[in-house]
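User: I'd like to learn how to read this model, feature by feature. Could you take me through it?

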Amino acid sequence: MTAGRAVGVGPDRPVRVLVLDHTGQLGGAELALVRLLEALGPDVDVRVLLFSDGPLVPRLRAAGAVVEVLPLDARTVSTSREAVGRAGAAQLVSLLRLVPFTWALVRRVRALRPDVVHTTSLKADLLGVVPARVARAALVWHVHDRIADDYLPARVVRAFRWAASRLPAAVIVNSRATAETLPGPSTVAYPGFGADQVLVGGRATGHPTGQAAARQVAAGQAAARQAAAGQVAAGQVAPGPVVGMVGRISPTKGQLELVRAASRVLVDHPGASFRLVGEPSFGAEGYADEVRAEAVRLGVADRVVWVGFVADPAAELDGFDVCVHASPVPEPFGQVVVEAMIREVPVVATRAGGVVEVLAGTPEDPAPLGELVEPGDADSLARGVLAVLDHPRDAAARARRAAEVARERFAATRTAEVVSGVWRRAARLSR
Ligand code: GLC
């Protein structure tokens, strides 16, 4: 027998997996995919097919994956989750546009003869159904979004829940919080962190919390020298702690709440600055304007630094005294919280979605690994930030414990084991 359909999946040959994703951009699910691929063992043979080109392609290749792009109409690729929920002629036209694409995808999937078709975005989940069926491959959905009305349009939620318990052979989710939004069974595989995110040599311990504080002390000393030399204008304050947020500028991430919390934090820490790392997400430019206007209205605009997009947020995180995760709507998982944890940066995060699991204590010590605050509540957020800034030694000790737990709980090798286990079972069942 030649290596093909007729050869069973077993220890004698790796499971052949074809990953489908609609985007070539580096979103959260895509970064999770890169880290998963880096950690996979030789028992799986993975190829990735994207429906659009972008910076994800070289990242996947660097992780050792064979990647190809089968372009889908750009308008369909970038349709927002909200727009998908609207009915009308435009939607019908975009559905019709999918027909030739699906046909091309069916041909390509058949030619590649995978054992498993693994889809990793809502659009790919749906577009993968027919090709997987035709190619007689097991369909595995990897769901990174909470399938809930606070996150997606109600029509999409209803349709997706219906489909999730009927169409895929197995469903993998990024957290228990995501699992709870689906009607059927699923397997939780926490996204793992990559080798590039690991803190080398430990976070410098200065006063009060670490590197950022050490830098701040140095800056404070420089300011004091300047002041002594009469170079600091009256009323100017020495630089204080850095409160930062990493994530797309979007109402779902809560930069507005942080700016509101800033005015309260500045009362006690007048030198504090607030770094917003990230750029406005698709269609969220209006929200960015709203955040800027609020900062001006509250008189804190000169304390807010709009850093913009950075390819590697690790250096930014290392400069934070507090990493804020302010999502007012429940976040499905929250990889940036994990990255902050493994870099020993104290975390203040909203008590919602997967982040609660991410920051959960251990059976031996159930105290949470960061400060949990109420979603959409700027006062609660301010109190959380102050709890860290006012007790830097306690915060640093908790951050070190968080790093220890995170290194074990979110090891990418663990993610890889869970996901490849699902692939093996699904491949066997589909034969
Ligand atoms: C999506 C989710 C995010 C999660 C990521 C990886 O981007 O919105 O919460 O961290 O996928 O699973």
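User: How do the axes of helix H1 and helix H18 cross?

Analyst: First, the idea: helices are DSSP runs of H or I with at least four residues, strands are E runs of at least two, and both are numbered from the N terminus. Axes are lines fitted to C-alpha atoms, for helices over the stretch in contact, with angles from 0 to 180 degrees between N-to-C directions. In this predicted model, the axes of H1 (residues 28-39) and H18 (residues 412-430) come within 8 Å and cross at roughly 85 degrees. Angles under 35 degrees count as roughly parallel, over 145 as roughly antiparallel, 65 to 115 as roughly perpendicular and the rest as oblique, so H1 and H18 are roughly perpendicular.

User: Which residues of H1 and H18 make the contact?

Analyst: Contact means heavy atoms within 4.5 Å. H1 brings Arg35, Leu36 and Ala39, while H18 brings Ala412, Thr413, Thr415, Ala416 and Val419.

User: Next, the sheet. What is the order of its six strands?

Analyst: Two strands pair if DSSP finds at least two bridges between them. Here the open sheet runs E10-E9-E8-E11-E12-E13, with parallel pairing. E10 (304-308) and E13 (371-373) each have a single partner strand, so one side of each lacks a neighbour in the sheet. On average, neighbouring strands are turned by 20 degrees against each other, ignoring direction. Helix H11 (residues 255-268) packs on this sheet, touching E8 (242-246), E9, E10 and E11 (322-325), and its direction makes about 170 degrees with that of E9.

User: How many residues does the largest nonpolar core have?

Analyst: Such a core is a set of buried Ala, Val, Leu, Ile, Met, Phe, Trp, Tyr and Cys residues joined through side-chain atoms within 4.5 Å; buried means under 20% relative accessible area (1.4 Å probe, protein chains only). This one has 33 residues, and Leu20, Phe51 and Trp141 are among those with the most contacts inside it. H5 gives the most, five residues. Beyond four places in sequence, Trp141 touches residues including Phe160, Leu167 and Pro168.

User: And what is the mean pLDDT of the chain?

Analyst: pLDDT is the predictor's confidence in each residue, from 0 to 100. The chain's mean is 89, and 86% of its residues reach 70 or more. Residues 1-7 fall below 50, and residues 216-232 are below 50 too. Where pLDDT is low, the predicted coordinates should not be read in detail.

Technical notes: Residues are numbered from 1 along each chain as its sequence is written. This is a predicted model: local features need pLDDT of at least 70, side-chain atom pairs count only at pLDDT 80 or more; totals for chains, interfaces and linings use all residues. Side-chain values use heavy atoms; hydrogens and water are left out. Buried means under 20% relative accessible area, exposed over 50%, partly exposed in between (1.4 Å probe, protein chains only).
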